[in-house]
Amino acid sequence: MTLLIANAEKALNEKQDQLNIRWYPRYHLAPRAGWMNDPNGLVWFDGWYHAFYQHHPYSPEWGPMHWGHARSRDMLHWEHLPVALAPVGPEDKDGCFSGSAVVNADELSLIYTGHKFHGDLSSDDNLYQVQCLATSKNGIEFARHGTVIDTPAGLHHFRDPKVWQEGEAWYMVVGARVGDTGQVRLYRSECLRSWQAEGVLAEADEKMGFMWECPDLFTLNGKQILMFSPQGMAAQGYENRNLFQSGYLVGQWQPGAPFVQQSAFREMDHGHDFYAPQSFLAPDGRRIVLGWMAMWGSPMPEQQDGWSGMLTLPRELTLTADNRLQMRPVRELENLRQHWFSWPVSTLSNKMLPVMNHCETTEVILQFELAACDAEQYGIALEDGMRLYVDNQAQRLVLERNYPEFGLCGQRSIPLPASATLKLRVFFDSSSVEVFVNDGEACLSSRIYPQSRMLSLFAWSGRAEFTECGAWHLE
């Protein structure tokens, strides 16, 4: 594997100097060059936050998966480290697929899916996915230990292990597909090397998809959250509009018992681009999640620039009393704030008002008293390509993007909150927008591709009252 990693590093060093950085993020984690998808192995180890990710270092297209690797003191300033895993086989000769990381005594352990075909690559009948282990003392160079769970009989799609510790035992959930039914399977171990099957933890009904990717099980507020990315759910009205979804079930589980579901499936993020989230525990006990800010099947214009894919901002998870998962930007983001620009506007009526000439690394704060606003539409626009606005007739908050030259047009939306106040924190980076609503009630994340960056407020067919209005320039 040393030669393969050396080759990957050589390719990255050559390609990163050739990137067009017009849309490359300034404060999100993205690959040095090449392709990125799912976050993997999120963990705190030896004084650093570590983020691994699905990575093809040789091109900005999906290809044989490696594990990219970066570390950070604050989840915002990332140092790229050498590629951690490369597909050397025989257990992972066609890709090192998604997985997780745990700290075992003084070792960092990566548990990942080995992806391989026995025969023709065009047929899933020849696909086998196994769970593998690699370990490191220094968190940078990894020794491989091969397969620790073989493909169960009759399965071909069996991937994305997430491992955690309960008492003295280790547990693992793995996504699976049986026919056209998605599953999460459970395993138990004393040592990370030998695992016993504990059965099916949860399974899709006829509307819940044919494959459950990237499962994650963790505890919040005394309840267990089963987070996963189901493939094959049909859109229903405003819900499930992306090609694939990411969401969660709330229930109760303890070792040796079944998972008892206590809520319906809910999407975590209502934007265009959020998939394969993974959580981990910060040293202070916060449950943090990052996702892939892209979507299978979506155009990715940055590929023409030599790179593709990025991760969301880190978000702290909490659970409400009525079983709703909330996501807030981690407090470390406030350390990026440099200069506050208060926009001198309190009322807009039937007009558009430019407020910022160059919106790139910016956190916008907007607050409205909804009863005081009678405009049919009011909000904020980034040139002609992105609008975030209240649709008063539909009573929804809408995130709209309009990049017809890239085939990226359409809307995502959520119902307006029941509270009288609507407060928005809107994070802009070079090619992304993330909207946090009323301190965690909802989130919408989408990729954007602006050619220019004039930011304006608007209100049409009526009046909008702004009770807070301005922006932080971010480091």
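This is a predicted model: local features need pLDDT of at least 70, side-chain atom pairs count only at pLDDT 80 or more; totals for chains, interfaces and linings use all residues.
Strands are DSSP runs of at least two residues, numbered from the N terminus.

Several strands take part: β12 (195-203), β15 (247-252), β17 (266-267), β22 (325-329), β29 (408-415) and β32 (442-447) each bring at least two residues to the lining of the largest pocket. The greatest contribution to this lining comes from β22, with 3 residues. Sorted by class, the residues around the largest pocket comprise 20 nonpolar, 9 charged and 8 polar ones.

The second largest pocket comes next, with about 420 Å³ of space. Here 22 residues form the lining, and V163, W164, Q165, L281 and R287 sit closest to the centre of the second largest pocket. At least two lining residues come from each of β1 (34-45), β5 (96-104), β9 (158-166), β13 (211-220) and β18 (275-281). Among the contributors to the second largest pocket, β9 gives the most, supplying 5 residues. The lining of the second largest pocket divides into 14 nonpolar residues, 4 polar residues and 4 charged residues.

Definitions and conventions: Residues are numbered from 1 along each chain as its sequence is written. Side-chain values use heavy atoms; hydrogens and water are left out. Helices (H or I, at least four residues) and strands (E, at least two) are DSSP runs, numbered from the N terminus. Ala, Val, Leu, Ile, Met, Phe, Trp, Tyr, Cys and Pro count as nonpolar, Asp, Glu, Lys and Arg as charged, and the others, Gly among them, as polar. On a 1 Å grid over the protein atoms alone, a cavity is a set of points where a 1.4 Å probe fits but cannot get out, and a pocket is an open set with protein on both sides within 12 Å along at least five of seven lines; lining residues have an atom within 4 Å of a point. Grid points are joined across faces, edges and corners, and a volume is the space filled by probe spheres set on the points.
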